[in-house]
Amino acid sequence: MLNFTKQACLVLVCILTFASCSKDNAIPDENAQNKSVELENTFAYTAIESEILDGVNKYRQSIGLNALAKVDEVTLQADDHTVYMSTNEVVNHDNFNVRYSNLVSGVGAKSVAENVAFGYNSADAVVKAWIASEGHRVNIEGDFTHFGIAVDKDKNGKNYFTNIFIRR
């Protein structure tokens, strides 16, 4: 039983260490498309999603960074990926380039990053895990202006998370 616990912990640490993704856009500020697109924030977040967004912003503000604004399109991209992960019971960044392209063309993102996770039962636990992981923390502390989150459960009740950050 102890070996199984150690192996499970090792797998979780590996996933948290390697499960962050980011990409900067090479479009110069003066040429960025959709810079004037109105960003909507009408999405109805679940309690855990709202708590994650609040937790990320509280952390950012505690280290002197700006709070990030919620954006529906970012959340919709996160939701598509989270449903994909929970349906397939995998944690990954599959098709990140598609989410990136959608956010560049749809809302004028210049930079996009995402953190994913699974298995946590609370917002506080997943935010603390992301902050403890260097790659995820870099995304949380990045030069971003907006973000979105999605949480979904798989058929066994395990939570899957996708947190996407953008800069406009």
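I take two strands as paired if DSSP finds at least two bridges between them, and I take helices (H or I, at least four residues) and strands (E, at least two) as DSSP runs numbered from the N terminus. The model is predicted, and I note that local features need pLDDT of at least 70 and side-chain atom pairs count only at pLDDT 80 or more, while totals for chains, interfaces and linings use all residues. Residues are numbered from 1 along each chain as its sequence is written, and side-chain values use heavy atoms, with hydrogens and water left out.

**Entry 1, the chain.** I looked up the elements and found 6 helices and 5 strands, which run α-β-α-β-α-α-β-α-α-β-β from the N terminus on. Of the 168 residues in the chain, 43% are buried (under 20% relative accessible area, with exposed over 50% and partly exposed in between, for a 1.4 Å probe and protein chains only). For contacts (heavy atoms within 4.5 Å) with a separation of 6 or more, I noted that 76% come from residues 24 or more positions apart.

**Entry 2, strand β5.** In the hairpin of β4 and β5, 5 residues stand between the strands, and Gly 157 takes a positive phi near 85°.

I counted 6 aromatic pairs in the structure, using rings of Phe, Tyr and Trp (its six-membered ring) with centres within 6.5 Å, where planes under 30 degrees apart count as stacked, over 60 as edge-to-face and the rest as tilted. One of these is the edge-to-face pair of Trp 130 and Phe 161, at 6.4 Å centre to centre and 85° between the planes. This pair links distant parts of the chain, with Trp 130 in helix α5 (residues 123–132) and Phe 161 in strand β5, 31 residues apart.

I treat a nonpolar core as a set of buried Ala, Val, Leu, Ile, Met, Phe, Trp, Tyr and Cys residues joined through side-chain atoms within 4.5 Å. The largest core has 22 residues, and those touching the most other members include Trp 130, Phe 161, Phe 165 and Ile 149. Two or more residues come to this core from each of α2 (47–62), β3, α5, β4 and β5. A second, separate core of 13 residues includes Val 74, Tyr 100, Val 104 and Val 107.

I checked the length of helix α3 (residues 72–88): its 17 residues should span 24 Å at 1.5 Å a residue, and its end C-alpha atoms are 24 Å apart, which agrees (the expected span is 1.5 Å times one less than the number of residues). Among its buried residues are Asp 72, Val 74, His 81 and Met 85, and the buried residues of α3 pack against β2 (69–70), α4 (96–107), β3, β4 and β5. Just after α3, Glu 89 takes a positive phi of about 50°.

Ser 50 lies in helix α2, and I list Ser 50 as partly exposed because its relative accessibility is 27%. The C-alpha atoms of Ser 50 and Ile 149 are separated by 8.3 Å, although the two residues are 99 residues apart along the chain.
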